[in-house]
Amino acid sequence: MMGGMSGLNEMDELYEAIILDHYRSPRNTAAVENPDIDLEVNNPFCGDEFHIQLKVDDCSISGVSITGRGCAISQASASLLAELVDGKSTEEVQAAVDCVRRLLKGEEISNEEADILGDIEALGGVRKFPVRIKCALLSWVGLDDGLKEHLA
Ligand code: ZN
């Protein structure tokens, strides 16, 4: 899958294009009515802050809104997350969060997991910039915490 150096560069360009696209046109930003989960997250080291809203019906996500501001990575990551969770089961969302955590730690993910992540694999490019890992994980960790609290 990794190919030679030129293959890697192509990957970088693809990843960059995905990040920029989500940064410029974030997905699922319209407010959710009567959200079951409604929380704010922030990363004071970078100034990233997001407002996360989720509607949970019968263990699946029927509505999601993530809005906020911050660096390009944090905003693109929040948008990728907002796009992923819509219509997913809470189990699928929690599995995806776990997967993204491992991806950003530089751990291996299976081909099956890579398929589930799709464009989100672009966040893996952030591993080269360790200070940005917190930015990339901010909304994911926040949403996961909110979900855990809601399901408890
Ligand atoms: Zn940031």
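Predicted model: local features only at pLDDT ≥ 70, side-chain atom pairs only at ≥ 80, totals over all residues.
Me: Which residues of helix 3 are buried, and what covers them?
Reply: A residue counts as buried when its relative accessible area is under 20%. In helix 3 this applies to Thr 90, Val 93, Ala 96, Val 97, Cys 99, Val 100, Arg 102, Leu 103 and Leu 104. Their cover includes strand 2, strand 3, helix 2, helix 4 and helix 5.

Me: Is Asp 144 buried or exposed, and which residues does Asp 144 touch?
Reply: Asp 144 belongs to helix 5. Its relative accessible area is 4%, so Asp 144 is classed as buried. Leaving out residues up to four places away in sequence, Asp 144 touches Gln 94, Val 97 and Arg 101.

Me: Which residues touch the most other members of the largest nonpolar core?
Reply: In soluble globular proteins, nonpolar side chains tend to be buried together. Here the largest nonpolar core has 43 residues, and those touching the most other members are Leu 54, Ile 66, Val 85, Trp 140 and Leu 143. Helix 2 contributes the most, with 8 residues. As for Val 85, its contacts beyond four places in sequence are Leu 54, Ile 61, Val 64, Val 93 and Leu 143.

Me: What is the order of the strands in the sheet, and which are the edge strands?
Reply: The sheet is open, with 3 strands in the order 1-2-3 and antiparallel pairing. Strand 1 and strand 3 are the edges, each pairing on one side only. Ignoring direction, neighbouring strands are turned by 20 degrees against each other on average.

Me: Which helices pack on the sheet?
Reply: Helix 2 packs on the sheet by touching strand 2 and strand 3, and its direction makes about 165 degrees with that of strand 3. Helix 5 also packs on the sheet, touching strand 1, strand 2 and strand 3, and makes about 150 degrees with the direction of strand 1.

Me: Which residues coordinate the zinc ion, and how are they spaced in sequence?
Reply: The donors are the SG atoms of Cys 46, Cys 71 and Cys 135, together with OD atoms of Asp 48, at 2.2 to 2.7 Å. Their spacing in sequence is C-x1-D-x22-C-x63-C. Cys 46 sits in the loop between strand 1 (37-43) and strand 2 (48-57), and Cys 71 in the loop between strand 3 (60-69) and helix 2 (72-85), so this pair ties together parts 25 residues apart in sequence.

Me: Are Cys 46 and Cys 71 buried or partly exposed?
Reply: Cys 46 is partly exposed, at 30% relative accessibility, whereas Cys 71 is buried, at 16%.

Methods: Residues numbered from 1 in each chain as written. Heavy atoms only, no water. Donors = N, O, S within 2.8 Å, 3.2 Å for Na, K, Ca; no water. Helix = DSSP H or I, 4+ residues; strand = E, 2+ residues; numbered from the N terminus. Buried < 20%, exposed > 50% of the residue type's maximum accessible area, 1.4 Å probe, protein only. Core = buried A, V, L, I, M, F, W, Y, C linked by side-chain atoms within 4.5 Å. Contact = heavy atoms within 4.5 Å. Pairing = 2+ DSSP bridges. Axes fitted to C-alpha atoms, helices over the stretch in contact; angles between N-to-C directions.
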